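Good morning, everyone, and thank you for making time for this.

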Amino acid sequence: MKVSLFVTCLVDQLFPEVGLSAVRVLERAGCQVHFDRRQSCCGQPAFNSGYPRQARRVAEHFLDVFGQAPCIVTPSGSCAAMIKHHLPGLFAPHSDERRRAQSIASKTWEFSQFLVDKLGVSHLDTEFPHPVTYHDSCHLLRELGVSEAPRRLIRSLKGIDFREMKDSQRCCGFGGTFSVKFQDVSAAVGLDKIEAIRETGAAYVVACDISCLMHLQGLLRRRKVNVRILHLAQLLDDRRRTP
Amino acid sequence: MIEIRRNTARALADDQLQRNLAHALGHTLQARDRAVGEVEDWEQLRRYARQVKAHTLARLDRYLGQLEGRVKEQGGEVIWARDAQEACRFIVELAGRKGVREVVKSKTMAGEEIHLNQALEQAGIVPVESDLGEYLVQLEGVPPSHIIAPALHLSRGDAARLMHEKVGMELTEDVQRITAEARRQLRRRFLEAGMGISGVNFAVAESGTLVVVENEGNARLSVSAPPIHVAVMGLEKVVPRVEDLAVLLKVLIRSATGQSVSSYINFLNGPRREGEIDGPDEFYLVLIDNGRSRILADEHLRETLYCLRCGACQNVCPVYQRIGGHAYESTYQGPIGAILTPQLLSLQEAPEHPFASSLCGACQEVCPVGIEIPRILLELRGRAKKRSNAGSKLEAFAWRLWSLLMTHPRLYSATSAFLRHPLRVLLHLGLTPPPLNRWTVSRHLPAVPAAPFRSRFPAD
């Protein structure tokens with residue numbers, strides 16, 4: 001199956017390993033992965049910060065890049081939710097752009113959702129003999145309704161010791177520009193999450209959004225807590241580089 | 001202008017407040033989840049409740065007219081107040097005309113919104129709050145910090161100290177005794193007060209019935225013991241039919257307190273009639289607009305008025321859970337306050353409210369009428385930016401620059417390549433340029449990789 005990878009701006013610039021892992025896992029699942037170098041961002045940062053006009057400009061560019069793609073996969077629940085639920089609304093009703101955005105929305109998949117629901121992957125024989133916990137990122141959970149797919153994939157790994165954390169569905173406190181606008185509140189909410197992670201005794205916290213994980217990693221390192229972050233794509237990738 | 005950001009540090013550093021919030025909200029959330037779990041068709045009930053509100057608001061003039069007619073038929077009076085001032089003026093003048101010196105009040109958020117207590121006090125009339133939580137915050141001299149639990153920010157010890165300092169009660173943390181003392185203090189006031197003021201949860205248009213939901217019995221006393229009852233309600237509280245209450249009460253109560261039903265639900269139909277033992281001689285219903293018709297006229301914001309004031313969004317909000325209600329400096333706090341406050345006041349007055357959210361969406365998920373709070377937050381964020389002042393010009397410029405980069409692939413790649421190395425050096429030296437320095441107050445930055453994904457694909 002041919003898929004076009006929207007790697008997201010954050011993965012592209014700061015977490016390339018996540019993208020490389022996503023490519024390897026998709027290829028192992030039988031996909032032919034295409035990466036269009038014109039891609040940048042879905043527009044969400046501006047959209048969520050109160051700049052819909054700037055978001056629309058970036059979204060138009062997104063339409064140009066991905067308009068012809070047969071199927072778009074992205075390793076982010078938040079970006080997938082932006083594309084699927086908010087992109088069309090940025091354009092005037094009945095406009096050509098609105099129609100193109102709707103078409104793109106209907107063929108966009110978040111990474112875990114794509115593997116489980118579209119490809120029907122139910123288990124991977126990657127080995128990972130470590131205690132792992134999973135954080136439900138908000139937009140993946142509440143806007144896309146995905147909570148079972150990543151868990152199923154995690155549980156399928158060889159030797160995995162999966163431990164649910166308390167309130168896994170509670171926000172990590174990142175919230176995009178909220179993380180700097182209300183940095184103290186953002187960190188306080190994040191520390192609640194860190195506490196929940198610690199209580200499980202897990203060595204790794206896994207999620208489907210690197211933005212949440214970047215925030216948690218920042219807190220974990222500052223507090224010298226010995227728990228590492230892993231994007232689901234990295235966890236599933238048997239050729240991952242240990243982060 | 002309200003600046004929430006100036007209040008967060010103090011709230012976060014207040015260990016007692018943090019303990020009180022965690023304790024109280026944890027319990028309420030558990031109770032709510034249990035109560036909702038018991039109802040098989042919860043989602044269907046939510047949808048129905050939402051439809052009732054949508055239907056009513058689309059015909060608000062008709063239903064309010066019907067309500068007014070029924071209330072008058074039953075011997076009550078209806079007063080239309082354009083804003084807080086008009087509402088307060090009417091109530092204060094009425095009290096003056098009737099020689100009322102003391103007013104006993106049961107919980108009313110509309111009353112808080114119009115600052116009724118201050119208006120009464122200025123006229124030399126003593127308002128006495130009869131809801132235990134309201135009574136405590138009145139003793140403390142602060143506004144309520146939660147829609148349903150006004151004294152949520154107080155611990156048992158705080159309550160004991162207040163009762164000791166303000167009422168002269170001996171210092172005890174025995175809740176039974178504190179409650180008993182509050183009741184003793186209040187009973188007298190119910191009998192002596194010349195006027196009782198209450199809020200309204202629902203007003204039924206077809207029957208002119210006001211519904212007041214409570215757990216302490218204080219509302220029942222407030223509306224029946226004094227000779228005059230004044231009910232204050234926002235325009236949006238009207239519902240068409242008695243049978244709608246079957247659903248609305250169910251979703252309200254389970255969402256608010258996690259009870260299957262509250263201890264008291266009062267159905268009030270005007271003043272006491274001949275042959276009746278209880279009830280006021282005079283009854284007034286004050287319908288408050290105070291910005292609501294403006295909200296109603298705005299299709300993007302309208303559903304803010306669906307709110308039943310259950311407080312569930314506050315309980316579940318990670319931001320509210322950490323900063324509490326007072327940090328918002330507004331009558332309505334938490335997610336519903338974040339969208340309602342800038343609409344009732346103005347975005348200039350409450351510019352930070354729509355930004356005090358991580359957009360996690362837990363509020364919409366828990367809302368008994370499914371108000372799309374995140375969407376409305378975004379709508380308001382966009383409007384706040386349109387009126388931005390000189391201070392945020394730089395921010396606007398940064399976003400324009402950002403959109404330029406994101407739409408020009410070569411420029412994007414070149415900028416990334418150009419900045420990557422210097423940024424790595426700076427961060428290596430422990431220097432963080434703004435706005436990154438706001439990130440690093442409490443977090444480490446991720447290591448900046450030597451090359452982006454695009455230059456490493458296809459994988460090796």
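B:Lys105 and B:Glu129 are both buried, where buried means under 20% relative accessible area, exposed means over 50%, and partly exposed is in between, with a 1.4 Å probe and protein chains only. These two residues form a salt bridge in which the closest N and O atoms are 2.9 Å apart, and by salt bridge I mean a side-chain nitrogen of Lys or Arg within 4 Å of a carboxyl oxygen of Asp or Glu. The pair links distant parts of the chain, since B:Lys105 is in strand β2 of chain B and B:Glu129 is in strand β3 (residues 126-129), 24 residues apart. Helices (H or I, at least four residues) and strands (E, at least two) are DSSP runs, numbered from the N terminus.

Before I go on, please keep in mind that this is a predicted model, in which local features need pLDDT of at least 70 and side-chain atom pairs count only at pLDDT 80 or more, while totals for chains, interfaces and linings use all residues. Residues are numbered from 1 along each chain as its sequence is written, chains are lettered from A and ligands numbered from 1 in the order in which they are written, and side-chain values use heavy atoms, with hydrogens and water left out.

B:Arg50 and B:Glu303 form one, with their closest N and O atoms 3.1 Å apart. B:Arg50 lies in helix α3 (residues 42-58) of chain B and B:Glu303 lies in the loop between α13 (292-296) and α14, so this pair ties together parts that are 253 residues apart in sequence. B:Arg50 is partly exposed at 24% relative accessible area, whereas B:Glu303, at 8%, counts as buried. Both belong to a network of salt bridges that also links B:Glu372 and B:Arg375.

The side chains of B:Lys98 and B:Glu282 also meet in a salt bridge, at 3.1 Å from N to O. B:Lys98 is partly exposed at 38%, and B:Glu282 is partly exposed at 24%.

Let us now turn to the place where the two chains meet. 64 residues of chain A are in contact with 62 residues of chain B, contact meaning heavy atoms within 4.5 Å. The two chains bury about 5600 Å² between them, 60% of it on carbon and sulfur atoms; buried area is the accessible area (1.4 Å probe) that two parts lose on being put together, summed over both. Five salt bridges are found across this interface, and one of the pairs whose side chains meet in a salt bridge is A:Asp12 with B:Arg454, at 2.8 Å from N to O. On the side of chain A that touches chain B, the largest share, eight residues, comes from α11(A).

Helix α11 of chain A also holds A:Glu199, which is exposed, with a relative accessible area of 54%. The C-alpha atoms of A:Glu199 and A:Met165 are separated by 7.4 Å, although these residues are 34 residues apart along the chain.

Back in chain B, is B:Gln314 buried or exposed? B:Gln314 is buried, with a relative accessible area of 0%, and its place is helix α14 (residues 312-316). Leaving aside neighbours within four places in sequence, the residues in contact with B:Gln314 include B:His146, B:Tyr320 and B:Pro335.

I will finish with some details of the backbone. Most residues other than glycine have a negative phi, and most peptide bonds are trans. A:His94, however, is not a glycine and has a positive phi of about 70 degrees; A:His94 is in the loop between α5 (77-86) and α6 (96-106) of chain A, and is exposed at 73%. A cis peptide bond joins B:Pro434 and B:Pro435, with omega about 5 degrees, and B:Pro435 lies in the loop between α20 (409-428) and α21 (436-439) of chain B. The peptide bond from B:Phe457 to B:Pro458 is cis as well, with omega near 0 degrees, and B:Pro458 is in the segment after α21 of chain B.
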